[in-house]
Amino acid sequence: MLVLGIETSCDETSAGVVSDRHLLSNVIFSQDEIHRKFGGVVPELAGRRHIEVITEVVNSALEKAGVRLNEIEAVAVTQGPGLVVCLLVGLGVAKAIAFSRKIPLVGVNHLEGHLFAIFLENKEVEFPLLGLIASGGHTILCLVEDWGRYQVLGQTLDDAAGEALDKAGKLLGLDYPGGKEIDRISRNANSKAVSFPIAFTKQSQFDYSFSGLKTALLHYVKNHPELKDNPSALADLSASYQEAVVQGLLGRAEKAVERFKIERIVLSGGVASNFRLREAFSEFVQKKRIKLLVPSARLCTDNAGMIALVGEEKLKRGIQDDFRLDARAVLGLENWR
Ligand code: KG4
Ligand code: ZN
């Protein structure tokens, strides 16, 4: 089935074409340039930019896939979670295409897009999986029993992992987005230079908390005003902070592996493109002799290919939506009908 996917949940305008889990194109238009000067995503500006570029992005995805719009057999679009002013742009375009072409429309949960992005690069992945979604907006640890069957084990009680990195980047005066920049400058730095609290909560076994870590960084920076003029100390501090985020994420996953006798872990979301996180998880799975599945970096961050892929799976199971499909700012992992 030729499925066109559309993703506009935050600051990336993306369209992609998938056929039988095979990625034919995946065009991603990043808005980093627009939001850089504000140090974060400005929803109204993001929504406006999606409107300006979406037609070009969709046309480009069709062209790269070598298909015409009248060959597309279904449209999959991100329904949420995300910024409503942004989601509405993708939903409007998806509905217009589905209506004019009289083809099925299916809404996709962005989180499921991240979780299943690995299927774009591995055709056969066995269930059950332990899934860790770590992005700018979410940190969720879950058991994935099958397509559309989840058991959420834990999530963040405050900041998401990516948010914790982005806020730290801003505090340290680094380039935007902070997560990517912290990854870059930490590569050859000393991650043991500063000790930070690991992001665990006492209340629950599998939940995360990153706000204490952020406060610890704030205090450290206040007490070391000389840092700003010392790139090497700044890199060591970034690496140490990043390590605390990584150990926080890994610690919960380690516990879940023990408890549920896990044999396969899926790591996904923008933060999963982080070099050190990938390395730490790789070391862990080697030790445990279990399998780690991580999409390539481009498929970890927001993209429409993953949305088209999940849309195709839903359609195969007879799940589709009508034109009342609406944007959902808040949307957790929900089991399919
Ligand atoms: O999945 P994503 O593209 O968007 C959301 O759904 O939130 O994730 C974006 C997040 C941002 O917080 C960004 O800083 C972070 O992913 N990120 C990274 C890296 N690349 C993107 N964090 C750490 N290391 C990276 N290399
Ligand atoms: Zn995302």
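**View 1. Ligand 1 in its pocket.** In this predicted model, the largest pocket is the space that ligand 1 takes up. On its own, ligand 1 has 550 Å² of accessible area, and the protein covers 89% of it.

**View 2. The shell around ligand 1.** Here we look at the 19 residues around ligand 1, of which Gly-136, Asp-166, Asp-183, Gly-270 and Asp-302 come nearest. By class, the shell holds 12 polar residues, four charged and three nonpolar.

**View 3. Polar contacts of ligand 1.** Have a look at the oxygen atoms of the ligand. A polar backbone atom of Gly-270 lies 3.0 Å from an oxygen atom of ligand 1. For His-110, a side-chain N or O atom is 3.2 Å from a ligand 1 oxygen. Gly-137 takes part through its backbone, with an N or O atom 3.3 Å from an oxygen atom of ligand 1.

**View 4. Two cis peptide bonds.** Phe-127 and Pro-128 are joined by a cis peptide bond, with omega near -5 degrees. Pro-128 belongs to the loop between α4 and β6 (129-134). The bond from Tyr-176 to Pro-177 is also cis, with omega about -5 degrees, and Pro-177 sits in the loop between α5 and α6.

**View 5. A positive phi at Lys-102.** Although Lys-102 is not a glycine, its phi is positive, near 55 degrees. You will find Lys-102 in the loop between α3 (84-101) and β5 (105-109).

Terms used
Residues numbered from 1 in each chain as written. Chains lettered and ligands numbered in written order. Predicted model: local features only at pLDDT ≥ 70, side-chain atom pairs only at ≥ 80, totals over all residues. Heavy atoms only, no water. Near = heavy atom within 4 Å. Polar contact = N/O pair within 3.5 Å; in protein donor to acceptor, adjacent residues only side chain to side chain. Areas by Shrake-Rupley, 256 points an atom, 1.4 Å probe, with all protein chains shown as cover. 1 Å grid on protein atoms, 1.4 Å probe; cavity = no way out; pocket = protein on both sides within 12 Å on 5 of 7 lines; lining within 4 Å. Sits in = over half its atoms within 2 Å of the grid points. Nonpolar A, V, L, I, M, F, W, Y, C, P; charged D, E, K, R; others polar. Helix = DSSP H or I, 4+ residues; strand = E, 2+ residues; numbered from the N terminus.
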